[in-house]
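Look through the structure shown here, strand by strand and then ring by ring.

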Amino acid sequence: QVQLVESGGGLVQPGGSLRLSCVASENFGIYVMGWYRQAPGKQRELVARITNGGSTSYADSVKSRFTISRDNAKNTMYLQMNSLKPEDTAVYYCNTVPPGLGSYRRYWGQGTQVTVSS
């Protein structure tokens, strides 16, 4: 069974940093991958994406603060989050872009909670 395992979340003060990791059980090198987040009462949104070649793009709300990267040899993707704001509080997930491609059809991991609060 395929898996996407997110980790690295936690409680951090405004202005702080966190680094999230996503480990895939299968070779995800062929996919565009992304980090999504879902805040309470809101729809899940894509915040950052990276192609298999390493090209990146970001939602305006996180641009210049977040950095997405990937290591295809390790089936791992990262999200470096700096200058965190309370509005970044959400559960963060990784998935293909668009979500659910190939082996990851209809699949979401458990996500990792990020809470930004003083």
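Tyr36 stands opposite Leu46 in β5. This is a predicted model, in which local features need pLDDT of at least 70 and side-chain atom pairs count only at pLDDT 80 or more, while totals for chains, interfaces and linings use all residues. Residues are numbered from 1 along each chain as its sequence is written, and side-chain values use heavy atoms, with hydrogens and water left out.

Strand β4 (residues 33-38) and strand β5 (residues 45-50) run antiparallel and are joined by five bridges. Strands here are DSSP runs of E with at least two residues, numbered from the N terminus, and two of them pair if DSSP finds at least two bridges between them. β4 and β5 form a hairpin with six residues between them, and Gly41 in its turn has a positive phi of about 75°. On from there, β5 pairs with strand β6 (residues 56-58) in the antiparallel sense over three bridges. Ser57 in β6 is the bridge partner of Arg49. The β5-β6 hairpin has five residues between the strands, and Gly54 in this hairpin takes a positive phi near 100°.

Four strands form an open sheet, with antiparallel pairing, in the order β1-β3-β8-β7. Its edge strands, each pairing on one side only, are β1 (4-7) and β7 (66-71). Neighbouring strands of this sheet are turned by 15° against each other on average, direction ignored; the axes behind this angle are lines fitted to C-alpha atoms, and angles run from 0 to 180 degrees between N-to-C directions.

Rings of Phe, Tyr and Trp (its six-membered ring) pair if their centres lie within 6.5 Å, and planes under 30 degrees apart count as stacked, over 60 as edge-to-face and the rest as tilted. Tyr31 and Tyr104 form an edge-to-face pair, 6.1 Å centre to centre with 75° between the planes. Tyr31 lies in the loop between β3 and β4 and Tyr104 in the loop between β9 (90-96) and β10 (112-116), so the pair ties together parts that are 73 residues apart in sequence. Tyr104 also forms a tilted pair with Tyr107, at 6.5 Å centre to centre and 55° between the planes. Tyr31, Tyr104 and Tyr107 form one aromatic cluster. Tyr31 and Tyr104 are buried, and Tyr107 is buried as well (buried means under 20% relative accessible area, exposed over 50%, partly exposed in between, with a 1.4 Å probe and protein chains only).
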